[in-house]
Structure formats: C-alpha cells, structure tokens
Amino acid sequence: MMAKISKKNNLTKNVREIQLSMDYPLEFKAGQFLMFKVPTPTGFVERAYSIASPPTQNQSLLFCYKALDGGVSTQFLDQAPHGTQIELRGPLGQFTIDDSLEPLILVATGTGMAPYRSMLLEYLDERRGQREIHLIFGVRSIQDIFWRDFLDGLAVAHKNFSYEITLSAPDESWSGLCGRVTDHLLPEIKRGIKTFYLCGSSAMVKDVRAKLINVGVAPTNIHFEIFS
Ligand SMILES: Cc1cc2nc3c(=O)[nH]c(=O)nc-3n(C[C@H](O)[C@H](O)[C@H](O)COP(=O)(O)OP(=O)(O)OC[C@H]3O[C@@H](n4cnc5c(N)ncnc54)[C@H](O)[C@@H]3O)c2cc1C
C-alpha cells in the first residue's frame with residue numbers, strides 16, 4: 001500500500017508529526033501500527049509507527065516520531081519533502097481497547113502517546129465509551145510536552161477522562177507532577193485500578209510492568225507496546 005507525505009510539523013525540538021495521504025482508505029483499529037518501508041542505499045528497511053489518528057479518518061493518517069541522531073528512518077522522514085511516496089505494510093498489532101467497563105490507566109512516555117491519541121479519539125469521541133480513563137504522560141521537561149491542547153480538549157469534553165503530565169527534569173516554573181511515570185502508579189493501584197496500558201521505551205515498559213506485577217496486578221491486565 002502506498003501513501004504520500006501531506007503534512008509535516010515539529011511538535012517539540014525532537015518530536016515531529018507527519019501526515020500521510022493514503023492511496024485508498026485503510027481499515028484499522030485504534031492502537032494499531034504500520035510498517036514504513038524506508039529506502040536506504042542498500043535496499044529497504046522497515047520501521048513501525050503507531051497510527052495517532054482515529055479509524056474514521058481512514059484516508060489521511062497522522063503519526064508522530066522522535067528524531068533520533070543517526071536513525072535511518074529519522075533521517076529519511078526528516079529529509080523527505082511533501083509529496084514523497086512511502087510504501088506501508090499493515091495494519092498490525094493488538095494494542096487496542098476492548099468493550100469491558102473496567103477503569104483503566106494509560107501510561108505513556110514520549111512518542112508512546114501516539115496510539116493513545118487514536119484510542120482516545122475513537123473510544124471517547126466516536127464510541128462514546130463510558131469507562132474511566134486516566135492517562136499518565138511522562139516526558140523530560142516542559143519543552144518536551146506535546147498534544148496538550150488535544151488532551152485538555154478531551155478532558156473538558158469527557159468527564160470520564162483525565163490526565164496528568166509528569167516531568168523527569170522539571171524547572172522551577174512547573175507545578176505539576178515530577179519524576180518518572182513509575183512513581184505515580186501506586187495511588188492508582190490503591191484506589192482499585194486493575195487494568196493498565198503501557199507504551200514507550202522498553203526500559204519504561206519493563207520497569208512499570210515489573211512494579212505492577214510486584215504489587216499484585218495480573219499480567220493479563222497489563223497491555224503494552226514497546227517502541228525500542
Ligand atoms: C510497534 C511499534 C510502534 C512504534 N511506534 C512508534 C511511533 O509511533 N513513534 C516513534 O517515534 N517510534 C515508534 N516506534 C519506534 C520506531 O519503529 C523506530 O524504532 C524509531 O523511530 C527509530 O528508528 P530509526 O530508523 O530512526 O533509528 P535506527 O536507525 O533504528 O536507530 C536506532 C538507534 O540507534 C542509534 N543510531 C543509529 N545509527 C546511528 C549512528 N550512525 N550513529 C549513532 N547512533 C546511531 C539512533 O540514534 C537510535 O538511538 C515503534 C516501534 C514499534 C515496535
């Protein structure tokens with residue numbers, strides 16, 4: 001399947017949004033990802049990117065990626081002008097929200113927010129889902145926060161959605177949560193939350209998953225997507 005880059009936008013110093021216009025509508029579930037076929041001098045390599053837009057927008061898909069120094073896909077996406085054709089494979093993945101009514105906690109670090117953007121739009125705006133959802137979004141500093149207006153809009157529109165941002169390296173102007181996402185999960189467990197979604201680096205997912213299992217959360221109730 002082929003798509004064309006239709007929009008590029010810097011969300012922070014090193015997180016970029018990229019919109020792809022599809023050759024034909026793509027059916028997918030909120031939370032799934034696509035494999036991008038990235039051209040290199042020695043052939044194509046594949047990199048996975050989570051779809052950040054909801055399934056109803058099936059002709060124009062939004063993604064976000066973290067620009068990594070020396071990264072093969074990073075260099076390609078950073079340099080590709082509007083109109084560049086990209087070959088895609090998918091949709092793939094099982095990181096989706098089911099129809100249960102259990103409250104849930106979504107934990108994201110950095111671009112781990114991407115699948116949640118799609119899930120939240122689909123679940124809250126389209127499915128009109130009623131389960132309580134609380135998102136904990138961890139980044140390094142204020143400058144690394146993105147999609148805050150989007151999250152504020154959802155929180156205003158849906159009483160069953162709330163979110164907090166935690167900064168691992170805050171400056172003195174920050175009055176919100178500080179520290180790693182892991183530091184803020186115990187209160188959620190104490191108030192009886194049993195279902196967790198984790199998305200981001202392998203270090204974060206491994207750490208949080210181990211801590212949740214350690215305090216009695218059932219491994220089958222911990223859904224996760226590892227980005228690296
Ligand atoms: C299911 C899934 C979904 C994903 N969704 C997303 C998403 O939505 N957004 C997102 O940002 N990522 C996502 N990822 C991660 C993504 O697939 C890539 O792994 C990531 O973008 C890095 O790709 P890259 O080709 O730019 O880096 P790579 O070339 O794979 O490099 C990886 C690391 O090696 C370092 N490196 C590579 N070459 C050099 C060099 N020459 N010198 C020094 N260092 C070097 C890079 O700095 C980087 O840290 C997802 C991964 C999975 C598995």
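Two strands are taken to pair if DSSP finds at least two bridges between them. The legends below describe a predicted model.

**Figure 1. Pairing of strand β11 with strand β12.** Strand β12 (residues 222-226) runs parallel to β11, and five bridges join the two. Within this pairing, Tyr197 has His223 of β12 as its bridge partner.

**Figure 2. Pairing of strand β11 with strand β7.** Strand β7 (residues 104-109) is likewise parallel to β11 and is joined to it by five bridges. Here Leu106 has Tyr197 of β11 as its bridge partner.

**Figure 3. The two faces of strand β11.** Side chains in a regular strand alternate between the two faces of the sheet. In β11, Thr195, Tyr197 and Cys199 point one way, while Phe196, Leu198 and Gly200 point the other way. Strand β11 (residues 195-200) is mostly covered, with six of its six residues buried.

**Figure 4. The shell around the ligand.** There are 22 residues around the ligand, of which Ala48, Gly70, Gly71, Ser73 and Thr74 come nearest. Two or more residues of the shell are given by each of the elements β4 (43-50), β5 (60-66) and α1 (72-79). By residue type, the shell comprises ten nonpolar, eight polar and four charged residues.

Figure 5. Domain 1 (2-92) and domain 2 (104-226) each supply at least three residues to the shell around the ligand.

Notes: Residues numbered from 1 in each chain as written. Predicted model: local features only at pLDDT ≥ 70, side-chain atom pairs only at ≥ 80, totals over all residues. Near = placed C-beta within 6 Å. Helix = DSSP H or I, 4+ residues; strand = E, 2+ residues; numbered from the N terminus. Nonpolar A, V, L, I, M, F, W, Y, C, P; charged D, E, K, R; others polar. Domains from an automatic or database assignment. Buried ≥ 20, exposed ≤ 12 C-beta atoms within 10 Å, placed from the backbone.
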